[in-house]
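Look over the sequence and the model, then read the points below.

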Amino acid sequence: MQYVYGPIPSRRLGRSLGVDPIPLKTCNWNCIYCQLGRSTPLTNERREYIPREAILAEIQETLAHHSSEIDYISFVGSGEPTLHSGLGWLIRAVKAITTIPVAVITNGVLLHRADVRQELLAADVVMPTVSAGTAELYRRIHRPHPDAGFEQLIDGLCAFRAEYTGQLWVEVMLIRNVNDSEIALRDLERVLRRIQPDQVHIVLPDRPPAEPWVQPADSEGLLRAEALLGPVAHIVHPFSNGVHASDYASPDEAIVSIVTRHPMSLAQLITTLNAWTDDEVSDALARLEQAGAIRPVERLGVRFWAAATSVFPT
Ligand code: SF4
């Protein structure tokens, strides 16, 4: 499997089958907290990066064996999924073959485009990111492509909300001394009131951030955010459950597939890959590191494992 991974435990989607329609780290943002490292390339070009039929074939094959183990089929992964020009086709094709709900995890940048909004209408849940309430803070956190402005993002999200009858869950990534002050949170609350999401999920960068100085907000910041961001806002804590990563022939294969999209520590991998013993997972990590198939990243006082080609400055 090249484009489908998991199911893996998701903080918000239970057992999530990830569908990755974009090559590693192709995005129109370059977030300071991105768990995939720096964006290479930073692009706003929408096109068919991977043949849509190849992606659908992997989804069909996985569903044939594991549909009972999946709570959501999630378009997410190594970059911004709405940059794939076949995303709407893929969502509709998935909806035609299964009743499992479809989620799209997106930065929301392209929702100012009517065609992208139309494509996402078929999804059951759309999960955009809004972590800043001003253009200045937006640029600082997301370091966007020059064509991805703040007002355009918010206008696009408001337009989508007006058209979309599914669940709109906004993610707020809370970063210490960046967007966790009272002023920043009040600005953000004003923007969220315009967008009117069904839920606001306050999350922390608990995987290796692209920039080494990024730190998760502390408990005071979290509680401040929950208090100020309105009644639909709540804190989403990191997952603690594991799932059987049954679609992989070996721990080596599973580790490469998973950490390419979700860098993890040894402890997280052992919890997730409960089809293998702790020693088997540790041995596989050592083999993969020696072969140059994955790379370690030190962040937040923890050693994580990420894609060999990911870019994390020291
Ligand atoms: S966190 Fe998401 S939106 Fe931000 S740079 Fe990474 S892939 Fe792109």
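This is a predicted model. Start with Pro-41, which sits in the loop between strand 2 (14-19) and helix 1 (52-66). The peptide bond joining Thr-40 to Pro-41 is cis, with omega about 10 degrees.

**Another cis peptide bond**
- Gly-6 and Pro-7 are joined by a cis peptide bond. Its omega is about 10 degrees.
- Pro-7 belongs to strand 1, which covers residues 4-10.

- Arg-143 is not a glycine, yet its phi is positive, at about 40 degrees.
- The loop between helix 4 (135-142) and helix 5 (150-163) holds Arg-143.
- Leu-300 lies in the loop between strand 10 (294-299) and strand 11 (302-307).
- With a relative accessible area of 29%, Leu-300 is partly exposed.

**A buried glutamate**
- Glu-171 is part of strand 6, residues 167-173.
- Is Glu-171 buried or exposed? Glu-171 is buried, because its relative accessible area is 10% and buried means under 20%.
- Which residues does Glu-171 contact, leaving aside neighbours within four places in sequence? They are Arg-12, Pro-128, Thr-129, Val-130, Ser-131, His-201 and Val-203.

Methods:
Residues numbered from 1 in each chain as written. Predicted model: local features only at pLDDT ≥ 70, side-chain atom pairs only at ≥ 80, totals over all residues. Heavy atoms only, no water. Helix = DSSP H or I, 4+ residues; strand = E, 2+ residues; numbered from the N terminus. Buried < 20%, exposed > 50% of the residue type's maximum accessible area, 1.4 Å probe, protein only. Contact = heavy atoms within 4.5 Å.
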